[in-house]
Amino acid sequence: MNIRTLRKRVGLKIDDVAIELKCAESSIRNWEKGKTTPKLEIWQVFCLRDLYQCTEAELVEAVKETMLSQQKEK
């Protein structure tokens with residue numbers, strides 16, 4: 001499961017996540033495309049975990065999967 005799938009699974013839009021994390025929508029898009037790795041403060045990690053209704057481990061795995069899929073496309 002990738003980052004986008006986690007977000008869509010709970011019915012959130014990119015702008016919903018950006019507002020909660022206090023970051024740009026473009027950052028969320030870049031994470032989901034695997035263009036950049038999320039660099040988050042600890043409170044943002046917990047917020048993202050709660051928003052996506054997943055564990056920290058699932059979040060880490062989703063980031064890894066997203067980044068790996070982007071590398072395979074290159």
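Visitor: Is Ile-28 buried or exposed?

Guide: This is a predicted model, and in it Ile-28 counts as buried, at 1% relative accessibility.

Visitor: Where does Ile-28 sit?

Guide: Ile-28 is part of helix H3, which covers residues 25-33.

Visitor: Which residues is Ile-28 in contact with, leaving aside neighbours within four places in sequence?

Guide: Ile-14, Val-17, Ala-18, Leu-21 and Cys-23.

Visitor: What about Thr-66, how far is that from Ile-28?

Guide: Their C-alpha atoms are separated by 12 Å. Along the chain, the two are 38 residues apart.

Visitor: Back to the helices. At what angle do H2 and H3 pack?

Guide: The angle is about 115 degrees, and the axes are 8 Å apart. The crossing of H2 past H3 is right-handed.

Visitor: Which residues meet there, between H2 and H3?

Guide: H2 brings Ile-14, Asp-15, Val-17, Ala-18 and Leu-21. On the H3 side they meet Glu-25, Ile-28, Arg-29, Trp-31 and Glu-32. Sorted by class, that contact has six nonpolar and four charged residues, with no polar ones.

Visitor: And how do H2 and H4 cross?

Guide: H2, residues 14-21, and H4, residues 42-52, cross at roughly 145 degrees. Their axes come within 10 Å. H2 passes H4 in a right-handed crossing too.

Visitor: Which residues in H2 meet H4?

Guide: Val-17, Glu-20 and Leu-21. Their partners in H4 are Trp-43, Gln-44, Cys-47, Leu-48, Leu-51 and Tyr-52. The classes here are seven nonpolar, one polar and one charged.

Visitor: New topic. Where is Arg-7 found?

Guide: In helix H1, which spans residues 3-9.

Visitor: It's an arginine, so let me ask: is Arg-7 buried or exposed?

Guide: Arg-7 counts as buried, at 7% relative accessibility.

Visitor: What is Arg-7 in contact with, beyond its neighbours within four places in sequence?

Guide: Leu-12, Lys-13, Ile-14, Val-17, Glu-32 and Tyr-52. Val-17 also takes part in the contact of H2 with H3 and in that of H2 with H4.

Visitor: Now the loops. What is phi of Lys-22?

Guide: Phi of Lys-22 is near 55 degrees, a positive value in a residue other than glycine. Lys-22 lies in the loop between H2 and H3 and counts as exposed, at 68% relative accessibility.

Visitor: And what is phi of Gln-53?

Guide: Near 50 degrees, again positive, and again in a residue other than glycine. Gln-53 is in the loop between H4 and H5, the helix of residues 56-73. At 61% relative accessibility, Gln-53 is exposed.

Visitor: Let's zoom out. How many helices and strands does the protein have?

Guide: Five helices and zero strands. Read along the sequence, that gives the pattern α-α-α-α-α. The radius of gyration is 11 Å, close to the 11 Å that the globule rule gives for 74 residues, so the protein is as compact as a globular protein of that length.

Visitor: What does the C-alpha trace span along its principal axes?

Guide: About 30 × 25 × 25 Å.

Visitor: How much of the protein is buried?

Guide: Of its 74 residues, 34% count as buried.

Visitor: Last one. Among contacts between residues at least 6 apart in sequence, how many join residues at least 24 apart?

Guide: The share is 59%.

Methods: Residues numbered from 1 in each chain as written. Predicted model: local features only at pLDDT ≥ 70, side-chain atom pairs only at ≥ 80, totals over all residues. Heavy atoms only, no water. Axes fitted to C-alpha atoms, helices over the stretch in contact; angles between N-to-C directions. Helix = DSSP H or I, 4+ residues; strand = E, 2+ residues; numbered from the N terminus. Left-handed = near helix turned anticlockwise from the far one by under 90°. Contact = heavy atoms within 4.5 Å. Nonpolar A, V, L, I, M, F, W, Y, C, P; charged D, E, K, R; others polar. Rg over C-alpha atoms; globule rule 2.2 N^0.38 Å. Buried < 20%, exposed > 50% of the residue type's maximum accessible area, 1.4 Å probe, protein only.
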